[in-house]
Amino acid sequence: MSGYERGRAMHKLADLMEQHTEELAALDGADAGKLLLLGKIIDIPAAVQMLRYYAGAADKIHGESLRVSGKYQGYTLKEPIGVVGIIIPWNFPSLMFFLKISPALAAGCTVVVKPAEQTPLSALYYAHLAKLAGIPDGVINVVPGFGPTAGAAIASHMDVDSVAFTGSGEVGRLIMEASARSNLKTVSLELGGKSPLIIFDDADVDMAVELSRLAIFFNKGEVCVAGSRVYVQEGIYDEFVKKAVVAAQNWKVGDPFDVATNMGPQVDKEQFERVLRYIEHGKSEGATLLTGGKRAGDKGYYIEPTIFADVKEDMKIAQDEIFGPVMSLMKFKTVDEAIEKANCTKYGLAAGIITKNLDIANRVSRSVRAGTVWVNCYFAFDPEAPFGGYKMSGFGRDQGMMAIDKYMQVKSVITAVPDSPWY
């Protein structure tokens with residue numbers, strides 16, 4: 001297909017997604033415990049926007065002419081890398097699906113998608129809609145299954161040319177190992193995070209409280225960039241703590257299909273028990289439990305929004321990615337201390353800064369080792385902005401035009417021009 005034709009097919013799929021927003025949001029809500037309302041106004045529209053962004057790019061992929069020395073002319077071709085294996089997590093089933101497949105389709109690749117075993121339904125529905133949109137059979141393939149079987153088969157297959165993965169560091173290592181043992185396929189990894197949110201004395205405290213609550217309790221904390229480590233400068237620390245506790249207690253936990261609910265259940269029993277274990281670690285290691293800390297209600301996998309204070313950098317709740325609604329609060333004095341603490345992690349996916357001081361914002365955003373830094377905002381995503389990690393948060397970038405390059409090969413073509421008038 002030409003890029004123009006690919007773009008048209010992708011736009012048709014986006015049209016169908018908009019027509020079926022209600023069903024798609026309901027599937028993700030049933031599978032993952034995600035809020036139905038937010039699925040309809042955030043997740044599905046964001047997935048549509050992602051698909052349309054890359055549909056517009058599909059006919060704008062080109063190489064460049066080269067000024068090679070000697071009696072030659074040269075140029076580069078950008079060619080699709082081939083078959084792309086895509087392995088996505090369960091926390092944002094729809095958005096992750098299109099975060100990966102959209103640039104791959106724009107590049108002209110075919111994809112084999114393994115959705116998380118907890119959340120296969122929307123992926124299967126997208127395959128159905130793709131067929132209705134006229135995308136040829138074999139271009140978008142959805143293979144539900146478990147990581148050790150379906151995921152491992154993709155990662156080790158000799159006819160898969162590239163793997164794009166979002167998930168845990170442990171599985172990321174297995175995928176890299178499988179690539180090395182098979183055909184040395186390219187790998188891009190978006191892994192865990194333990195993102196710092198740094199709040200300075202000059203911040204609007206009410207705004208800081210609201211952003212910090214959103215940063216950790218949105219989507220029940222099942223967010224790779226969740227602001228789970230909150231550093232507050234000593235001048236406003238006490239005021240912030242009081243207001244943060246009240247804000248957490250007002251965050252309603254309940255039925256994800258109820259429009260009044262702020263937070264639904266954890267995705268499954270395993271994740272529910274994992275979060276509760278980390279809460280117990282926080283207590284046993286000496287952190288002060290300010291609010292929450294236990295199951296919400298007597299059925300389902302619901303957990304109360306939880307805040308710990310007096311957290312030390314070497315505690316498990318400060319170092320490990322919990323992937324649940326658990327905030328670790330810490331105090332700092334100086335800008336240098338804030339930077340040092342923010343970087344005291346093996347991860348480097350995202351960070352947040354709240355300040356009215358432009359010099360502080362610039363200095364800290366350049367000093368924190370993270371792939372995305374939000375200043376006076378959080379979760380501000382856009383298809384135009386590259387997304388990925390430093391350190392053990394992985395490598396490679398999603399979003400932006402550079403994401404297409406992950407799915408391309410660059411070929412140099414050099415042709416002899418014996419009678420060239422210039423070289």
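Reply: What follows describes the contact between the domains, and then the pockets and cavities.

This is a predicted model, in which local features need pLDDT of at least 70 and side-chain atom pairs count only at pLDDT 80 or more, while totals for chains, interfaces and linings use all residues. Residues are numbered from 1 along each chain as its sequence is written, and side-chain values use heavy atoms, with hydrogens and water left out.

The chain is assigned domain 1 (3–191 + 389–413) and domain 2 (195–375), with bounds that come from an automatic or database domain assignment. Between the C-alpha centres of domain 1 and domain 2 the distance is 30 Å. To the contact, domain 1 gives 23 residues and domain 2 gives 27 residues, where contact means heavy atoms within 4.5 Å. About 2100 Å² is buried between domain 1 and domain 2, and carbon and sulfur atoms account for 64% of that area; buried area is the accessible area (1.4 Å probe) that two parts lose on being put together, summed over both. Of the area that domain 1 buries against domain 2, 28% is supplied by Leu-35, Trp-90 and Lys-391, more than by any other three residues. Between the two domains there are zero salt bridges, a salt bridge being a side-chain nitrogen of Lys or Arg within 4 Å of a carboxyl oxygen of Asp or Glu.

The spaces come next, and they need some terms. On a 1 Å grid over the protein atoms alone, a cavity is a set of points where a 1.4 Å probe fits but cannot get out, whereas a pocket is an open set with protein on both sides within 12 Å along at least five of seven lines; lining residues have an atom within 4 Å of a point. Grid points are joined across faces, edges and corners, and a volume is the space filled by probe spheres set on the points.

The largest pocket holds about 1200 Å³ of space. It is lined by 40 residues, and Trp-90, Phe-165, Gly-167, Ser-168 and Val-171 are the closest to its centre. Trp-90 is also one of the three residues named above for the area that domain 1 buries. Both domain 1 and domain 2 give at least three residues to the lining of the largest pocket. At least two lining residues come from each of helix 6 (147–156), strand 6 (162–166), helix 7 (169–181) and helix 10 (269–284), and helix 7 has the largest share, with seven residues; helices (H or I, at least four residues) and strands (E, at least two) are DSSP runs, numbered from the N terminus. By class, this lining has 19 nonpolar, 10 polar and 11 charged residues, where Ala, Val, Leu, Ile, Met, Phe, Trp, Tyr, Cys and Pro count as nonpolar, Asp, Glu, Lys and Arg as charged, and the others, Gly among them, as polar.

The second largest pocket, of about 460 Å³, has 19 lining residues, with Ala-46, Phe-92, Leu-95, Phe-379 and Phe-381 nearest its centre. Its lining, too, takes at least three residues from each of domain 1 and domain 2, and divides into 15 nonpolar, two polar and two charged residues. Helix 3 gives five residues, the largest share.
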